[in-house]
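Open the model in your viewer and keep the selection tool at hand. The stops below say what to select next and what is there.

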Amino acid sequence: MAGVFVFSEDSAIGKQLLTPALELKKSLGQPLVALATREADAKEYATLGADRVIVLKSEASPEVLAPAIANLVAKEQASVVLIGGTLRGKHVASYIAAKLDAPMTTDAKTLTIADGKLETTRVLYAGLAVAEELSSLPAVATVPARTFLPPAAAATAGKIESVEVTPDTRAVVSNVTPIASEGVDITTASRLVSVGRGFRKKEDLKLADDLAAALKGEVSCSRGVAEDDHWLPIERYIGISGQTVKPEIYFAVGLSGQVQHMVGCRESKFIFAVNNDEHAPIFEAADYGIVGDLYEVLPLLTAALKN
Amino acid sequence: MPNLLVCYKWTLDERDIKINPNDLSLDSSRAKGKISDFDRMAIEEATQIVEKQGGAVDALSYGTPTVKQSLKDVLSRGPNKAYYIGDASAEHADANVIAKVLAGAVRKLGKYDVILLGEGSSDSFNQQTGARLAALLDLPVVTFVQEMTIEGDTVKATRKLADCTEAVTVKTPAVVQVLSTINKPRIPSMKQVLGASKKPNQELKIADLGLKAEDLVPKSTRKSVKGFVMSRKNVIYKESNAADNVAKLVASLAKEGLR
Amino acid sequence: MSYAFTEEQLLIKQNALEFAKEYLDPIAMELDHSAKFPAEIVKKMVAQDLLGLFLPGEYGGAEAGFVAFIEVIEALSGSSASVAAILLNHAIAAYAIEHWGTKEQKDNYLPALVKGEKLGALAIYENGPMLGVGPDTLVAEKKPEGYVLNGVKAFVRNAGVAGVYVVLATTDPTSNGKTLTAFLVDAKASGLKVGAAKESMGLRGCPMADLTFENVIVPESAVLGAVDGGLALATDTLAVFSLGEAAETVGIGQAAVEHAAAYSKTRVQFGKPISTLQAIQTLLAEVATDAHVARLALYDAAGLFEEGKPFQTEAAMVKAFLARFGSKMLLDTVQIEGGFGYSEFMPLPRLFRDIAGTTLLEAPAEYPDKTIAAALLA
């Protein structure tokens, strides 16, 4: 068996995966091989620590390439296959795992080698618990975006090669319609002001906008504000079926802090809260908080921060 | 008149699981069994298709012998017949084993036009079984589906991904893994519940599924499971004067180096 | 003697709880405040086969058994006792027809009642005299065309939304309650007037009003059960009704204690959650115990009834127990929640008002203690 393989159709995630992959490469003493679908991405991977980069010569979507990728990593006798944890990635990874008769960890947060096995941690029971698991090699794992930062540039550049890959023609993909995005990606913001149903009118969200500006951050929200009230677009909502964020500051305003919401932000470095209900669960989850009326507190806070 | 198979999982209700504050271990002693929430959508989708177009829905589950408790539940939700494999191996089975067992059962049961699964199980949410099953059975698979139709031998599905929707067409037989947003499962009526006992169910023995002994050995084992407990500073300012609270909070921001 | 529920009964309860959570939780408070009849909710209950839950299949009923019905009432009551009361009043009226009716009466009314095309209601009380004591003001005069009804029936639940009423009238106003006869009166009967809606302390989403009868003519075939057999019919029907009421009480009490327990964990006084205080724990323990004990006794009695065995003494015991401890469940939980327990934006005030109704209304014609003592002293 040889090789720690890395793949993501999203090259930003692909680069992030190189970081844990480099650790695994060290522990196993095996080369790091990155799979890419674009030449430009391949060049980047090669400078960031990949020993080999294999360019898959196909315009087809990753799912359609899954059987071909599975064949490739099987032939290469990969020890570990790390795949970016997008939905596309999970499809590809699961397919590969089945073909390799291998175990697969979904959404691994940490990855190390212990006793010749891949040791991972991940969430269970909708966020209730965390499991440590050991998987015999070859093993597959998907890693969520932004779990790791990309590595620094490597001393030497890896070798780039390309292969022909046969897409699986059984699934015919048509009509790829992008979901209209507002442009703001709250998952990359380091500071978030998150609004809940404590706000009475859509216009009142301006108070949150002002606070976010003073903090140099963005505005996000709980599920109800996006899905029920439609005051903010869906990609701004945080929770078990929404986005997961890990900002430096998560400032929850008028937001009760239910588990299904908190699971999307509980890894934030600091959590602040403003709520007029001192029994709101958010206060159990906060580092610092104010019990008070957000309509009174927010203007004062914004003014104080601007000074 | 499609012939559909829905695979479902009998899980512990995670809402009944308590965290032991002393050592963060999990206490599942009071947890009742339930059909995994996400599987309900797959069962509902299959049922609705068959209600509109005719055909039949079978249900299949692999679990420990307690999986028998799920039979009336699943049969009250639309399927015509339930198959189950109740085997101790399910206790520690990983996603790889689960997929191999289900694949063995499917090979034994015969031809289905579409095999439906939920996005993931409510306990471990691996999101793997659909694509794994398809790989093992060498069938085309469409994942993360929010809308689907079956017309003759063609499945048309719309996938919802992070930044786009994608229309995919496959020919049957095929595997489809559905999102929880595909439908809103109906609550079974009283008559459906009472009618469940009149529907057939059949046990499949794991020894009859053409698997090797090593197929049932999990390659992924749990080293530990700990409850997640938020441990934050919980410094809450509750003065009667909002300005005082704000001043204290701003001081805290400075103290943490966040200003 | 087995208290284990069947798989079907467990599924029925699970489905009823999901129904309550999905459809009743969002509207319970508003329903209590507006007292506006929730027609859409009733339609949804029809779709779940709840309206004919324990009625025979030949009329379209689900034949799920009385125990399943009690489970449903208990589950719904935890979210909205008003909605449970609508269903309960309807179902017991349907039961009276099923149990005491002629084939013709059953064929005429049960299919529509099961489908929810008509709702049922009981019109058995009066403003003045107690049931069975008399003299009742609603008089049924025998005439060649049948019976002519004149007078007033009071405290009629589902008044105005029902399609058929089970009405108790006296054929002899001088007889002090011994000549009551039950009649099936169609809501559209000429001369039948539904009075103005009467506001009650609780169960406010379940309509209540007086029914005035002005020369309402009903044919002889409208007599339900035997002539002059009305009191026996009412006693039997109310004994069954009392089990449904007990289910409401237990459902409400259980919801209250769970709410108070959750609340006590977050309410911090003197630096600790009040759940750590002995006084609070005692209150929670008492309420939870009373609800648990009442529930066991309730399902025991319901099981006896379902099996066709004598159940009236056991039903009276449940009634007597809850008459003593039912309202206490809410007095204690409101106490735990303090100011919030007294605030209308929280659920407890509504539960408090609802449970006061479920424990005191629809007593059997004989007080429960009398019934129990009679069984012991026989």
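Strands pair here if DSSP finds at least two bridges between them. Helices (H or I, at least four residues) and strands (E, at least two) are DSSP runs, numbered from the N terminus.

The model is a predicted one: local features need pLDDT of at least 70, side-chain atom pairs count only at pLDDT 80 or more, and totals for chains, interfaces and linings use all residues. Residues are numbered from 1 along each chain as its sequence is written, while chains are lettered from A and ligands numbered from 1 in the order in which they are written.

Now zoom in on strand β8 (residues 129-135) of chain A, which pairs with β14(B) in the antiparallel sense over 7 bridges. Pick V130(A); its bridge partner in β14(B) is K226(B).

## Inside chain A

Of its 307 residues, 54% are buried. A residue is buried if 20 or more other C-beta atoms lie within 10 Å of its own, exposed if 12 or fewer, and partly exposed in between, with C-beta atoms placed from the backbone.

Next select strand β13 (residues 218-221) of chain A. Both of its faces are covered: E218(A) and S220(A) on one side are buried, as are V219(A) and C221(A) on the other. Strand β12 (residues 191-195) of chain A pairs with β13(A) in the parallel sense over 4 bridges, and V193(A) stands opposite V219(A). Follow the chain from β12(A) through helix α5 (residues 205-215) of chain A to β13(A): this β-α-β crossover is right-handed. That is, with the strands pointing away from the viewer, the path from the first strand over the helix to the second runs clockwise.

## Chain C

Move to chain C, which is divided into domain 1 (7-119), domain 2 (121-228) and domain 3 (231-377); the bounds come from an automatic or database domain assignment. The centres of domain 1 and domain 2 of chain C, taken over C-alpha atoms, are separated by 23 Å. Their contact takes 25 residues from domain 1 of chain C and 19 residues from domain 2 of chain C. Two residues are in contact if their C-beta atoms, placed from the backbone, lie within 7 Å. On the domain 1 side, the largest share, 12 residues, comes from α5(C).

Then select helix α4 (residues 66-77) and helix α8 (residues 278-306) of chain C. They pack at an angle of about 145°, with their axes 8 Å apart. Residues making the contact include F66(C) and I70(C) of α4(C) and L298(C) and Y299(C) of α8(C).

Last, show chains B and C together: 15 residues of chain C are in contact with 11 residues of chain B. Helix α1 (residues 7-24) of chain C gives the most to the chain C side, with 7 residues.

How values were computed
Axes fitted to C-alpha atoms, helices over the stretch in contact; angles between N-to-C directions.
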